[in-house]
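Hello,

Here is the structure I said I would pass on. My notes follow below it.

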Amino acid sequence: MRSIQTHISWVFIASPFVFKVKKPLNLGFLDFSTLEKRRHFCQREVELNRRLAPKIYLGVVPIYKANSSFSFRPDGQIAEYAVKMRELAHSGFLSELLSKGLVGETEITRVISTLHRFYESETPTPEIGRWGTREKLKISTDENFVQVKPFVGKTISSAAFETIRHFTNQFYVANEKLFFERIQQHRILDCHGDLHLDHIHLTPEAATIFDCIEFNDRFRFIDIANDLAFLVMDFDFEGRRDLGNLLLRNAAREFHDEGLLKIGDFYKCYRAFVRGKVESIQAIEPETIKPEDYVKHAARYFRLALRYVVGGSEPLVLVIMGRVGTGKTTVARQLASELGWPVFSSDEIRKTLAGIPITERTPQERRGEVYSPRMTERTYKKLVDDGLAAVATFACGILDATFSTRALRQFLCKRCAEANVRLQVVELDVDPEAIESRLRARDDKAAEISDARPEDLEKLNAAYEPPSELAADLIRSSASGTTAETMKTVLLRLAEKSVSQANSLDGEQ
């Protein structure tokens with residue numbers, strides 16, 4: 001017999017059967033604290049899961065305790081209850097198929113078709129529909145933020161936590177009409193609630209979806225977009241954003257539901273945040289083996305949630321630009337660390353192309369060559385090339401450069417448009433006195449990459465053309481505070497931009 005532990009259950013595999021026992025705990029969002037409650041929720045688990053997996057869920061069996069042993073034989077007192085299931089072949093789980101490169105459009109289509117039949121079989125009711133309102137949804141999201149707060153600074157940064165919370169709350173306000181439309185269209189149903197890779201099993205004969213939420217109805221009384229978002233997020237987490245996007249696009253077409261695409265990133269952010277919470281909780285449980293693995297997974301899920309806030313699901317080039325001395329490089333690097341995205345620096349590229357060690361200041365006699373229009377053109381061409389190449393793998397590339405002229409920015413916009421990649425520009429701004437102070441301090445830094453010093457400031461400022469032409473693609477942000485403060489401000493501004501873009505999309509469609 002093998003055993004597996006989750007944060008709320010013990011699972012015992014005794015081929016050809018599986019027995020699932022609920023832990024005696026109360027986490028607020030679930031309550032298994034008494035034997036009778038565990039019996040009740042075992043029964044609910046069987047009833048609800050038979051909707052999608054009728055041949056798998058066999059029933060609820062009591063576990064008896066006699067002396068110091070446990071048995072299914074009716075001898076002694078009932079000590080616990082277990083859900084009895086048929087074992088599914090390991091090779092058929094969607095997670096296993098994905099790891100072997102065996103998931104493509106055919107498998108995605110089978111999953112969508114199974115879910116489509118399931119959703120159509122569920123009857124929408126006013127009681128269930130109410131769980132699509134902003135007020136009801138906030139019960140779950142507010143609860144998540146309260147429960148994750150103890151993990152700030154451990155598995156999630158303060159900046160990420162505040163940004164995700166700000167995005168969530170602002171999205172509710174800006175998209176109240178969209179939530180109402182989802183209710184009117186009967187998109188709020190008694191769904192699965194825990195739809196991820198490990199809960200889908202495919203064989204040539206059957207597509208089986210199991211282990212839905214039984215312990216809290218509000219986690220099932222959800223928008224089908226919320227249900228699907230878990231699976232899409234799982235694909236993204238495993239580095240298969242292509243399959244996640246394929247699933248969402250094809251489901252929108254199959255269900256005749258364009259709203260899936262409007263609200264998808266919001267729910268994917270929610271799902272990634274929930275997974276981060278669950279992994280964080282698991283990491284601190286006394287019986288957990290290798291808690292550091294759960295900490296790493298939690299951090300990855302929270303990072304993914306932040307990515308949905310900042311970049312959504314579409315390819316993105318994020319540019320951190322501004323005058324010399326505004327802290328572009330430091331902020332860009334901090335953002336890259338927070339989001340797990342690669343960052344490319346024009347200063348590094350320029351010196352690499354010139355054959356100059358990146359932390360050595362360019363010799364005076366080579367300044368004319370290294371900062372010539374020709375070298376600048378080469379530098380920015382490679383910078384944009386590298387950023388766009390990174391998008392294919394990471395969905396985003398961060399560019400750290402001054403982009404001081406309109407011509408350079410036009411080149412950037414043209415390349416992004418040709419690649420069908422969204423562009424978002426953040427211009428950092430600092431008062432002149434602070435810039436001078438920062439440039440003077442560079443002489444004392446051993447690892448300074450930029451060549452600019454106070455004596456260069458007047459010339460550089462004169463050559464800087466403010467990026468007013470970027471308009472909708474531009475966010476201006478003060479960088480007068482600490483790096484941490486600036487990064488948090490930038491993240492919050494990016495979150496607000498994401499909300500406004502989603503709202504604009506809703507209005508257009």
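C269 is buried, with a relative accessible area of 2%; buried means under 20% relative accessible area, with a 1.4 Å probe and protein chains only. The model is predicted, so local features need pLDDT of at least 70 and side-chain atom pairs count only at pLDDT 80 or more, while totals for chains, interfaces and linings use all residues. Residues are numbered from 1 along each chain as its sequence is written, and side-chain values use heavy atoms, without hydrogens and water.

A disulfide is a covalent bond between the sulfur atoms of two cysteines. Here a pair of cysteine sulfur atoms within 2.5 Å is called a disulfide, and the count is zero. C191 is in none: the nearest cysteine sulfur, in C212, is 10 Å away. C191 is also buried, at 0%. For C269, the closest cysteine sulfur is in C396, at 16 Å, which is too far for a bond.

Now the sheet. Six strands form an open sheet in the order β1-β2-β3-β6-β4-β5, with antiparallel pairing. Strands are DSSP runs of E, at least two residues, and helices are runs of H or I, at least four, numbered from the N terminus; two strands pair if DSSP finds at least two bridges between them. The edge strands, β1 (2–5) and β5 (69–71), each pair on one side only.

Eight bridges join β4 (residues 57–66) to the antiparallel β6 (residues 77–86). G59 has K84 of β6 as its bridge partner.

Regards

Methods. Buried means under 20% relative accessible area, exposed over 50%, partly exposed in between (1.4 Å probe, protein chains only).
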